[in-house]
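Let's take a quick tour of this protein, one spot at a time. Keep the 3D view open as you read.

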Amino acid sequence: MNISKKETDKIFSSPIFAGIDLAHAITILDRHGCGAIDFEEDDTILSQNDPSHKAGIILAGEAVATTADDSKNALLRFFGTGDLFGIANLFTNECYVSSIRAKKSCRVFFFTEEAIRELLENDHTFLYNYLAFLSGRICYLNRKIRYLTAGSAERRLALYLSSFQTDSIELDASLSSLSELLDIGRASLYRAFDTLIADGYIEKNGRSIRLLAPDAMMKDYQ
C-alpha cells in the first residue's frame, strides 16, 4: 500500500479495526488493491455515478458530503481526519445518495468491496465492529432527520447541538456552512444562537460552544 507508517496507524485507529489482527488486515487490504489518493480543493472524491463500490477514510484535510440532486445541492455532512465514508454503500446495487468533494486539499485511503468482504468473512471482531459502525450511522441519520424537520431555527439548533452528546462542542464548520447544514438562513441561525445564549442554555466563543443546561434546553425544545 502506498502509505506511510503514520497513515497506517491512522487507518487502524478507526473503530472498525479495533481489536483485529492488523498484520492479517494489512495483507488483505494490500492484496485487494486498497490505497491512498490525493485530491485538491473542490475535487470530487466520490460521486453518485461512480461505477465502483468503495469506501474511504480521510487521512488528511477536509471533505464535505452533499446531496446528489442537481436541483438542490444541500450540505449533508463534514468529514475530517479519521472520518469514514461510503461504508453503508459497499454491498448494494444502489447509486450513492450523496457526492463527496474535497473542501480543502486532502488525502484519502480507499477500501475496495473485495477487501471489506474478505475481512468480514474472516474476522468476527471486524464484523461486529462493522455492524456497530453501521448502527451508529443509522442513529446519526435519525438525529439528522429529527433536527431538519424540527420546525423553528431555535429547535433545529438545539437538537443539532444535543446530537454531539457532550457539553463541550467545537464546531467544524463556519456559521454560514452550519446554516446550510440546518437548512435555515444565516440571520435566523444568528438569532437562534442569541436566543439560546439569552435563555442561559449555552455559552459561545467563536466556534467553541458549551452547553450549560442541556436537559432544560431539550425539555424546552423537545
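Find Asp42 in the loop that links β1 (35-39) to β2 (44-46). Keep in mind that you're looking at a predicted model. Asp42 isn't a glycine, yet its phi is positive, at about 75°. What makes that worth a second look? Most residues other than glycine have a negative phi.

## Helix α2 and its buried side

Now move to helix α2, which covers residues 22-31. At its start, a side-chain oxygen of Asp21 comes to within 3.3 Å of the backbone nitrogen of Ala23. After α2 comes Gly33, and its phi is positive too, near 75°.

Which residues of α2 are buried? They're Ala25, Ile28 and Leu29. Look down the axis of α2 and these buried residues fall within an arc of 95°, so they line one face of the helix. Among the elements covering them are α1 (5-12), β8 (106-112) and α3 (113-122).

Next up are α5 (residues 153-162) and α7 (residues 186-198), which pack with their axes 9 Å apart and at an angle of about 70°. Because angles from 65 to 115 degrees count as roughly perpendicular, α5 gets that label relative to α7.

Who meets whom here? From α5 come Ala153, Glu154, Leu157, Ala158 and Leu161, while α7 brings Ser188, Leu189, Arg191, Ala192, Phe193, Thr195 and Leu196. Sort the residues of this contact between α5 and α7 by type and you get 8 nonpolar, 2 polar and 2 charged.

Note on methods. Residues numbered from 1 in each chain as written. Predicted model: local features only at pLDDT ≥ 70, side-chain atom pairs only at ≥ 80, totals over all residues. Heavy atoms only, no water. Helix = DSSP H or I, 4+ residues; strand = E, 2+ residues; numbered from the N terminus. Buried < 20%, exposed > 50% of the residue type's maximum accessible area, 1.4 Å probe, protein only. Arc of directions from axis to C-beta. Contact = heavy atoms within 4.5 Å. Polar contact = N/O pair within 3.5 Å; in protein donor to acceptor, adjacent residues only side chain to side chain. Axes fitted to C-alpha atoms, helices over the stretch in contact; angles between N-to-C directions. Parallel < 35°, antiparallel > 145°, perpendicular 65-115°, else oblique. Nonpolar A, V, L, I, M, F, W, Y, C, P; charged D, E, K, R; others polar.
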